[in-house]
Every structure is written in C-alpha cells, then in structure tokens.
Amino acid sequence: MKVGVLALQGAVTEHIRSIELAGAEAVTVKKIEELADVQGLIIPGGESTTIGKLMRKYGFIEAIRNFSENGNPIFGTCAGLIVLAERIEGQDEAHLALMDITVARNAFGRQRESFETDLGVKGIDEPVRAVFIRAPLITNVGNEVEVLSTYQDEIVTARQGHLLVSSYHPELTDDYRLHQYFVDMIRAHNASIS
Ligand SMILES: NC(=O)CC[C@H](N)C(=O)O
C-alpha cells in the first residue's frame, strides 16, 4: 500500500515522515499520472489559493475528483481542508468541492496566529497533539459528515466516508496517530475492493 502526498506547495516532507512512522510507504505526487500508483492521498497545509491554482493548472481538479469517486481515501490538513470543502466563506468559488462542509479561512488567526494543543479525537484513545497555524475552521457540516473533534466549540476534525480533514497540522509533531487513523481507512478500503 502506498500513500501519496500532493506536492504542489506546502508541508510535504513532514507528511511523508508521519505516514512512514505509521508503518506505510509514502510518495510525493507531482503529476496526475502518479495518482494511479497510490491508494490514498494527503493534501497538505500551505496556502489554499496557491494550491488551488496549481491544481487547476496541472489537471488535478478532475484527477482528484475521479480518484475520490473510486472511494480512495483523501486526507486534507489545514489548507488541504479548505481545498476539499464545498463552501468557503467569503469566496464564490470552491476548489475540489468534494466534502459537504463550509469553512472559514484564518478563523483562529484573528485571535491567535498559531498555537498548539491536545485534542480529543473520536476513534483515537488518547488526545492528539495538534498545531494550528492560521487555521481554518468548519462552520457548517452536511448530514453525511461526522464531527471527530472540536476545539472551543468549533469543529476542527471531521470525516465524510473516505474523506478526512483537520484544521490543524498533525504532521508537525511526533504524534502520528491521525496518520495511523488515515492509513487504517486506506487498508479498510483496499480490503473492501480486493
Ligand atoms: N497552515 C495552513 O495551511 C494555513 C491555511 C491558509 N491560512 C489558507 O487559507 O490557505
């Protein structure tokens, strides 16, 4: 099993390391053809406008939508969450528009640029170490979306079937359990199709 990390912009190498700590192989994905070699995809944090532009330029919007339609798990962190959302507050256009959520960009930033905290996440036994950097938050979720954690009553981790998102950067700590959770989603999907 191989996990791809979309490598157009943002925190790529850190995700590769976390996936390896979780016991799976990880590779960068820079061209749409490379999606054929991976069974799950991470869209990293960075700058969502830049990632969205590069995705359009290199054909990733359609390619990732197809990848998702086949049920392949996708994990979006921070800017990656924004890129997956169907609705972005204050913006007319979404990017991939795959997940039934509304996001507000830089929502914590108005109070605090960045901070770290321990976060209880449904499905993971002990709290997860989370780093928030100009983080978005989820302001609305559709019926199919399961909220996995909140921070000060705001939704910061959520799942919709094969789609997983976090407002924060789980890859910037040694705590790889959210990556482990994602690897387990990919294993379950692979088992269901083999
Ligand atoms: N750390 C991040 O990924 C920040 C996201 C960034 N604020 C955006 O809106 O794209």
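**Before you start**

The model is predicted, so local features need pLDDT of at least 70, side-chain atom pairs count only at pLDDT 80 or more, and totals for chains, interfaces and linings use all residues. Residues are numbered from 1 along each chain as its sequence is written. pLDDT is the predictor's confidence in each residue, from 0 to 100; the chain averages 96, and 98% of the residues score at least 70. The model scores ipTM 0.94 and pTM 0.97.

**Stop 1: helix H3**

Select residues 60-69, which form helix H3. Helices (H or I, at least four residues) and strands (E, at least two) are DSSP runs, numbered from the N terminus. Now colour Phe60, Ile64 and Phe67, which are buried. Buried means 20 or more other C-beta atoms within 10 Å of the residue's own, exposed means 12 or fewer, and partly exposed is in between, with C-beta atoms placed from the backbone. Look down the axis of H3: the buried residues fall within an arc of 55°, so they line one face of the helix. That arc is taken from the directions from the helix axis to the C-beta atoms.

What do these buried residues pack against? Show strand E3 (40-43) and helix H2 (48-57), and you have their partners; contact here means C-beta atoms, placed from the backbone, within 7 Å. On the face turned away from the buried side, find the exposed Glu62, Arg65, Asn66 and Glu69. Just after H3 comes Gly71, with a positive phi of about 85°.

**Stop 2**

Next, select residues 154-160, strand E11. Of its 7 residues, 5 are buried, so the strand is largely enclosed by the rest of the structure. Two strands pair if DSSP finds at least two bridges between them. Tyr151 has Glu154 in E11 as its bridge partner.

In the hairpin of E11 and E12, 2 residues lie between the strands, and Gly161 takes a positive phi near 60°.

**Stop 3: two loop residues**

Most residues other than glycine have a negative phi. Click Asp153, in the loop between E10 and E11: its phi is positive, about 70°. Is Asp153 exposed or buried? It has 5 C-beta neighbours inside 10 Å, so it counts as exposed.

Finish at Ala97, in the loop between strand E5 (85-88) and strand E6 (99-104). Ala97 has a positive phi of about 50°, and with 15 C-beta neighbours inside 10 Å it counts as partly exposed.

Definitions and conventions:
Contact = placed C-beta atoms within 7 Å.
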